[in-house]
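Please walk through the fold below, strand by strand and helix by helix, with the model open beside the text.

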Amino acid sequence: MVLVAALAGCGDDGEAACGPVTEEALDPGSGRHVLPGVEEPRYATDPPTSGVHFSLPPPTGVVDEPVERPLQVTALEGGQVLVQHRDLPPDEVADLEALGSEVVVVAPNPDQSEPVVLTAWLTKQTCSGVDLATIERFIADQQGQGPGTDF
């Protein structure tokens with residue numbers, strides 16, 4: 001992992017710290033497509049920032065269920081940003097959901113290690129809570145960075 005920027009932002013209340021934005025290596029499976037319903041492939045990182053993916057339209061905006069990893073990669077390849085969360089109070093989930101759009105997917109992910117994980121193509125940042133300024137900066141810096149543009 002190579003550090004892209006050393007951001008250690010804090011939320012308005014000083015409790016939500018975000019780690020640095022990190023650049024991850026390209027997963028060797030990134031050129032492969034899989035069909036829905038097959039056993040999920042292994043990824044170099046979790047959540048993935050590249051790798052085997054579906055050839056389907058990705059979700060957009062706010063989704064209520066976790067996004068399958070191959071579909072996460074499909075979204076990132078198209079330049080979207082994923083904002084995934086777990087174990088947050090409803091008001092913080094609502095703050096994240098307000099960020100959902102055609103280029104930002106907001107979804108729960110009960111399996112991730114941190115309460116908030118931001119991913120874009122080859123890029124990740126984790127947060128211990130909702131730090132809207134840092135999350136918005138990640139989105140602004142990373143959206144549109146995937147190698148594909150149309151679905």
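This is a predicted model: local features need pLDDT of at least 70, side-chain atom pairs count only at pLDDT 80 or more; totals for chains, interfaces and linings use all residues.

Residues are numbered from 1 along each chain as its sequence is written, and side-chain values use heavy atoms, with hydrogens and water left out.

Helices (H or I, at least four residues) and strands (E, at least two) are DSSP runs, numbered from the N terminus. Five of the five residues of E6 are buried, where buried means under 20% relative accessible area, exposed over 50% and partly exposed in between (1.4 Å probe, protein chains only). Val 116, Leu 118 and Ala 120 point one way from E6, Val 117 and Thr 119 point the other way, and all are buried.

E6 has strand partners, two strands being paired if DSSP finds at least two bridges between them. With E4, E6 pairs in the antiparallel sense over four bridges, and here His 85 stands opposite Val 116. E6 and E7 also run antiparallel, joined by five bridges. Between E6 and E7 lie two residues, which makes the pair a hairpin, and Leu 122 in the turn has a positive phi of about 65 degrees.

Thr 126 belongs to strand E7, residues 123-127, and is the bridge partner of Val 117. Its relative accessibility is 26%, so Thr 126 counts as partly exposed. Beyond its neighbours within four places in sequence, Thr 126 is in contact (heavy atoms within 4.5 Å) with Ala 17, Cys 18, Gly 19, Glu 114, Val 116 and Val 117. Thr 22 is 104 residues from Thr 126 in sequence, yet the two are 9.3 Å apart in space, C-alpha to C-alpha.

Next comes the disulfide, defined as a pair of cysteine sulfur atoms within 2.5 Å. How many disulfides does the structure hold? The structure holds one, and the cysteines that it joins are Cys 18 and Cys 127, with an S to S distance of 2.1 Å. The link of Cys 18 and Cys 127 is right-handed, with 105 degrees about the S-S bond. Cys 18 counts as buried because its relative accessibility is 3%, and Cys 127 is buried at a relative accessible area of 0%.

In helix H1 (residues 69-77), nine of the nine residues are buried. The buried residues of H1 pack against strand E4 (81-85) and strand E6 (116-120). After H1 comes Gly 79, with a positive phi near 95 degrees.

Helix H3 (residues 132-142) has Thr 134, Ile 135, Phe 138, Ile 139 and Gln 142 as its buried residues. Seen down the axis of H3, these residues fall within an arc of 140 degrees, so they line one face of the helix; the arc is that of the directions from the helix axis to the C-beta atoms. An α-helix has 3.6 residues a turn, so residues three or four places apart point the same way. The cover over the buried residues of H3 includes E2, E4, helix H2 (90-97), strand E5 (104-108), E6 and E7. Just after H3, Gly 144 takes a positive phi of about 80 degrees.

Charged pairs complete the picture. A salt bridge is a side-chain nitrogen of Lys or Arg within 4 Å of a carboxyl oxygen of Asp or Glu, and by this rule the count comes to four. One of them joins Lys 124 to Glu 24, with the closest N and O atoms 3.3 Å apart. Lys 124 lies in strand E7 and Glu 24 in the loop between E2 and strand E3 (61-62), so this pair ties together parts that are 100 residues apart in sequence. Lys 124 is buried at 8% relative accessibility, and Glu 24 is buried at 4%.

Another salt bridge joins Arg 69 to Asp 46, with the closest N and O atoms 2.7 Å apart. Arg 69 is in helix H1 and Asp 46 in the loop between E2 and E3, 23 residues apart. Arg 69 counts as buried at 18% relative accessibility, whereas Asp 46 is partly exposed at 46%. Glu 40, Asp 46 and Arg 69 are linked in a network of salt bridges.
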